[in-house]
Amino acid sequence: MQRVAITGATGYLASLVQLYNRGRFEFVPVSRADVDYGHPDEVERFFSSLGADLVFHTAANATTAACENDPAGTDLINRDSAIAIGRACQATGKRMVFISTEQVFNGLACPGPFDEATEPCSVTRYGQQKAAVDAWMHASLDDYVTVRLSWMFGMALPGVKPSPGILGNVLQALRTGKPTKFTCNERRCMTYAQRLASQFAQVCDLPSGLYHFASANTLTTFESAQMVARRLGASAADIERLILPDTERYADRFRDFRLDAHKAQDAGIELGTFAEDVDLCLADFGW
Ligand SMILES: NC(=O)c1ccc[n+]([C@@H]2O[C@H](COP(=O)([O-])OP(=O)(O)OC[C@H]3O[C@@H](n4cnc5c(N)ncnc54)[C@H](OP(=O)(O)O)[C@@H]3O)[C@@H](O)[C@H]2O)c1
């Protein structure tokens, strides 16, 4: 059985991938307790001597504000340590699978969806850190897969705590009765996280390269939230009271973060539309 070292092992996507692929891979979980991502030299040494066939690197400080507030510290974690893992993989002949983000395109003024040939342009440190790793991997590694994800969503499972997503945010507004704003000035390809977990083996087997991984969406985030609330069975009155338009955020420039995933689909990865993903998730969880 293939041994897969998985970093950020206790995080949302890593724990979901492990849950869905038990018995298919032998996972070697690696977390902050095992290696300090603030010291890239240590990281390179650690992964150079780790017995694994492939490294799936998910660990990152993915909080945009944290990256702005501590650019040097998060450069070490999100950029330099990812590159250190890449160096260790290249030296030991292992494949590296890395998770990048739609945020590499948050500085573009033109409309998406963006394909893999689009040059990244990011106005946030987090996006710049991920874009730097993507570029380094492309230039330096013989055997890698970079999956650029959009904003993922899902529900909790035993041992799996979703990071904030559109479904969780809408559910929270409806459950708590707290009116919540959703931005009108952005479009994102929100994607059901199980798409990644259930196709992890196929992702690991993709030909070396960069792949956008996202279900298609034409709605703004506000329209997406309204649609989720309708699918959850909320009344029109509750939707109007609780799912509010945020017209101020990104009023300076519309943000289109959407990813064109045709390359991954042509390689056999199944993706759908945001609406289909919401239905898939609600069906999986017996809604
Ligand atoms: N969720 C999304 O919508 C989304 C979208 C695009 C890209 N991504 C990328 O996907 C990856 C996983 O995302 P996720 O949603 O699963 O995130 P998550 O739940 O926050 O998990 C990330 C893991 O990274 C490790 N980590 C976090 N902060 C760290 C720090 N300061 N120093 C060292 N390690 C740290 C932690 O694992 P340990 O404590 O086990 O080490 C944490 O559980 C990230 O690289 C993220 O950038 C996520």
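1. In this predicted model, Ser224, Met227, Val228 and Arg231 of H9 meet Phe274, Ala275, Val278, Asp279 and Leu282 of H12. By class, this contact of H9 with H12 comprises 6 nonpolar, 1 polar and 2 charged residues. The helices in question span residues 221-231 (H9) and 274-284 (H12), and their axes come within 11 Å and cross at roughly 35°. The crossing of H9 and H12 is right-handed.

2. A second pair is formed by H4, residues 71-92, and H5, residues 125-140; the two axes come within 10 Å, with a crossing angle of roughly 15°. Angles under 35 degrees count as roughly parallel, and H4 and H5 are therefore roughly parallel to each other. The handedness of the crossing of H4 and H5 is right-handed. On the H4 side the contact is made by Pro71, Thr74, Asp75, Asn78, Arg79, Ala82, Ile83, Gly86 and Gln90, and on the H5 side by Arg125, Tyr126, Gln129, Lys130, Ala132, Val133, Trp136, Met137 and Ser140. Sorted by class, the residues of the contact of H4 with H5 are 8 nonpolar, 6 polar and 4 charged.

3. H4 also packs with helix H2, which covers residues 40-48; the angle is about 35° and the axes are 8 Å apart. H2 passes H4 in a crossing that is right-handed. From H2, the residues making the contact are Pro40, Val43, Glu44, Phe47 and Ser48, while H4 contributes Leu76, Asp80, Ser81, Ala84, Ile85, Arg87, Ala88, Ala91 and Thr92. The contact of H2 with H4 divides into 8 nonpolar, 3 polar and 3 charged residues.

4. As to the chain overall, there are 12 helices and 12 strands. The radius of gyration is 19 Å, close to the 19 Å that the globule rule gives for 287 residues, so the chain is as compact as a globular protein of that length. Taken along the principal axes, the C-alpha atoms fill a box of roughly 60 × 40 × 35 Å.

5. The peptide bond from Gly112 to Pro113 is cis, and its omega is near -5°; Pro113 is placed in the loop between S4 and H5. Tyr250, although not a glycine, has a positive phi of about 60°. The location of Tyr250 is the loop between strand S11 (243-246) and strand S12 (255-256).

6. Which residues come nearest to the ligand? Of the 22 residues around the ligand, these are Gly8, Gly11, Tyr12, Ser31 and Ala60. Helix H1 (12-20) and strand S4 (95-101) each supply at least two residues of the shell, and H1 provides the largest share, 3 residues. By class, the shell around the ligand contains 13 nonpolar, 8 polar and 1 charged residues.

Note on methods. Residues are numbered from 1 along each chain as its sequence is written. This is a predicted model: local features need pLDDT of at least 70, side-chain atom pairs count only at pLDDT 80 or more; totals for chains, interfaces and linings use all residues. A residue is near a molecule or strand if its C-beta atom, placed from the backbone, lies within 6 Å of it. Helices (H or I, at least four residues) and strands (E, at least two) are DSSP runs, numbered from the N terminus. Ala, Val, Leu, Ile, Met, Phe, Trp, Tyr, Cys and Pro count as nonpolar, Asp, Glu, Lys and Arg as charged, and the others, Gly among them, as polar. Axes are lines fitted to C-alpha atoms, for helices over the stretch in contact, and angles run from 0 to 180 degrees between N-to-C directions. Angles under 35 degrees count as roughly parallel, over 145 as roughly antiparallel, 65 to 115 as roughly perpendicular and the rest as oblique. A crossing is left-handed if the near helix is turned anticlockwise from the far one by less than a right angle, and right-handed if clockwise. Two residues are in contact if their C-beta atoms, placed from the backbone, lie within 7 Å. The radius of gyration is taken over C-alpha atoms; the globule rule is 2.2 Å times the number of residues to the power 0.38.
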